[in-house]
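Hello,

Please find the structure below.

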Amino acid sequence: MAEEKILIADDDPAVRRLLIRVVEGSGFQAVTACDGTEAVHLASRESFALILLDIMMPLLNGMETAHEIRKNDSVVKIIFLTSSPEFALESYDVKASGYLLKPTTYEKLCSLLNDCKQAFHYEPESIIVKTDKGYRKIYYHLIECVEAQNKKVLFCLNDGECLEVLDTFVHCSNELTTNDAFYKCHRSYLVHMPAIDHFNSIEIETKTHKKVPIARSYAKSFKEAYFEYMFKEGD
């Protein structure tokens, strides 16, 4: 199986050497560009799993480069390398997957590429729950919310099913919130961010029109977590 290719675009030779070392040491094939124009040219000719873009480059800066790449490729993951996170709003416009602050470290780069490697060989995440019929695997992408209802715990799925499980709400919440796509918005509710259609200060409505309350004490932190998650995912 061919190695996944990662495009590195940075005008600093020392940074390129570090990135090449990390990329190739992580099992990927590194392709480099010295400026934004070269990066756009390479991205139009080859397929990349990830593009690492320096913000400050000659000819085309990183943001301009990303806009050009996005004209032909809406899928490739883009990570910005920058000394300042002030461009975050514009990064959202080009559906960036995130950014690394300079000066970055070898360890941070390795961690990033390990995350990417898992994504390239993606297997849907899931939780194993206990029901009155035995154990069942539920894939995360099927879950809209989890609700504690009196002594029952319900998993509300996007096909309309509300599955009653025998595990405690605390157990389910602790397991699911290790993934930042899930957030506890009320003492009795856990919501899955991708399932949200819209929300206001007191209530969430999912894409299947399920109503989920937001506790006043959770409102501010939920809003911050939601936008942080959506920015990271580039939705």
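The number of disulfides in this predicted model is zero, where a disulfide is a pair of cysteine sulfur atoms within 2.5 Å. Cys 156 takes part in none, and the nearest cysteine sulfur, that of Cys 162, lies 3.4 Å away. In general, a disulfide is a covalent bond between the sulfur atoms of two cysteines.

Cys 156 is buried, at 4% relative accessible area, while Cys 162 is partly exposed, at 44%. Buried means under 20% relative accessible area, exposed over 50%, and partly exposed in between (1.4 Å probe, protein chains only).

Now the helices, which are DSSP runs of H or I with at least four residues, numbered from the N terminus. The axes of helix 2 (residues 36-45) and helix 3 (residues 62-70) come within 9 Å and cross at roughly 20 degrees; axes are lines fitted to C-alpha atoms over the stretch in contact, with angles from 0 to 180 degrees between N-to-C directions. Helix 2 is therefore roughly parallel to helix 3 (angles under 35 degrees). On the helix 2 side, Gly 36, Ala 39, Val 40 and Ala 43 make the contact, and on the helix 3 side Thr 65, Glu 68 and Ile 69 (heavy atoms within 4.5 Å).

Residues are numbered from 1 along each chain as its sequence is written. Local features need pLDDT of at least 70, side-chain atom pairs count only at pLDDT 80 or more, totals for chains, interfaces and linings use all residues, and side-chain values use heavy atoms, with hydrogens and water left out.

Regards

Technical notes: Helix = DSSP H or I, 4+ residues; strand = E, 2+ residues; numbered from the N terminus. Parallel < 35°, antiparallel > 145°, perpendicular 65-115°, else oblique.
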